[in-house]
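Biologist: Please take a close look at one part of this model. What is packed around it, and what do its side chains do?

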Amino acid sequence: MTTTATQGSRGGPESQAPRGHASPGASPGASPGASPGASPGAALAVLPHVLRTALAWTDAHRAEFALPDDVLDPRTQVNATLKPLGELAQLCSTVRAATAPGTPEHEVAGDLVTYAWEQVGAGDLLLELLRTEPFAAYPYEIYAAFAGYGLRHEGFEALARPLTATRAWAHTEQHANRQLGLINSERRVGVLTHTDAGAVLSRTWLGGLAEPWTFEGPSGYALTHTVFHLTDWGRMPDRVPEKTDAYLRTWLPAWADGCLESGQWDLTGELLAVGASLPGPPPLELLDAVWPVLADVQHTTGCVPETGVPVHEDAPDPYPFIDCYHSTLVTAFAAALSLRSLRSLTDGSGSRSGRERHTP
């Protein structure tokens, strides 16, 4: 999952592909499923701890996100350097936006975004990347994660402005959900989008309301990112069309159940974030059924593995960083959005949907 330099979907081995059907009779165990008998309020009971510990683990491992000195070398692996840092900036900026000022979660998330901005030299590094690869999407998308947070670089935008107005930029060939990511990045930076988001949405797996039984790892990550790009990472729920909203509310429980059964924790977290990004009331039964299971998967240190059997033994680092950083960030991101949604019901505000903002 990412607004950064990923070239494909995340996910575990194909042998662990989630099944796209519900298991109504499943009970929690080694391969737990989302029980239909969810306890009301079960999500709210675990979410504060899940969010706090996931952020604490991320903060304690911030040095692992540091960029190497040779980050501009063409031989450096972008997916192992800039991509994790861009994800840190994107997801923590959303956590900060979804949490209350003055809370520890709000402050830690803000500190981590500031750290990521320092790693890119307050935008100078991204400008160098743009000069080196002027028509690559990932420097622009990483920059947009910061711009959406209010961190801007005049030189980057001065160079990006004419580039994004070219025919070459508008006709870059990429998957539809990736194109939605670029459109959202343009919105964040504040320029005219290169095409209509609605037309692009119709070409995605989710926008086409694909047969739900065709859900698997790649389509799962494609649909979650379609929602993230469409809603500006959960900040603009009203951008989700009514038919898409109804389709997701119908099938998210079955898909989440399949992910839990096959140990796809990273994708489970992304589906929970999708559920918390929908317009209107949050899907309570889904959140109450799935969050306690994911909370049990979370290690005492706060990290969450991407896939597989969870480790529950005491250990300072139960998983390699590369195998848990993304799923831990996703867990924090989904927990913050879920808490925002659930608390909007209990505090009577009912204010969880953002209205569309049109770029002049």
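Modeller: Helix α5 is mostly covered, with 11 of its 11 residues buried. Buried means under 20% relative accessible area; over 50% is exposed, and in between is partly exposed (1.4 Å probe, protein chains only). Helices here are DSSP runs of H or I with at least four residues, numbered from the N terminus. This is a predicted model: local features need pLDDT of at least 70, side-chain atom pairs count only at pLDDT 80 or more, and totals for chains, interfaces and linings use all residues. Residues are numbered from 1 along each chain as its sequence is written, and side-chain values use heavy atoms, leaving out hydrogens and water.

The buried residues of α5 include A137, Y138, P139, Y140 and E141. I142, Y143, A144, A145, F146 and A147 are also among them. What covers them? Helices α2 (82-98), α3, α4 (124-132), α6 (154-163), α7 (167-170) and α8 (176-189) are included in the cover. Contact means heavy atoms within 4.5 Å.

Now take F146. It counts as buried because its relative accessibility is 1%. Its ring also belongs to a wider set. Rings of Phe, Tyr and Trp (the six-membered ring for Trp) pair if their centres lie within 6.5 Å; planes under 30 degrees apart are stacked, over 60 edge-to-face, and the rest tilted. That rule gives 15 aromatic pairs. One of them is stacked: W57 with F321, at 6.0 Å centre to centre and 15 degrees between the planes. W57 sits in α1 (residues 42-60) and F321 in the loop between α13 (284-297) and α14 (325-346), so this pair ties together parts 264 residues apart in sequence. W57 is buried at 3% relative accessibility, and F321 is buried at 16%.

F146 pairs with W117, and that pair is tilted: 4.9 Å between centres, 55 degrees between planes. W117 lies in α3 (residues 104-119) and F146 in α5 (residues 137-147), 29 residues apart, so distant parts of the chain are linked. W117 is buried too, at 11%.

Methods:
Helices (H or I, at least four residues) and strands (E, at least two) are DSSP runs, numbered from the N terminus.
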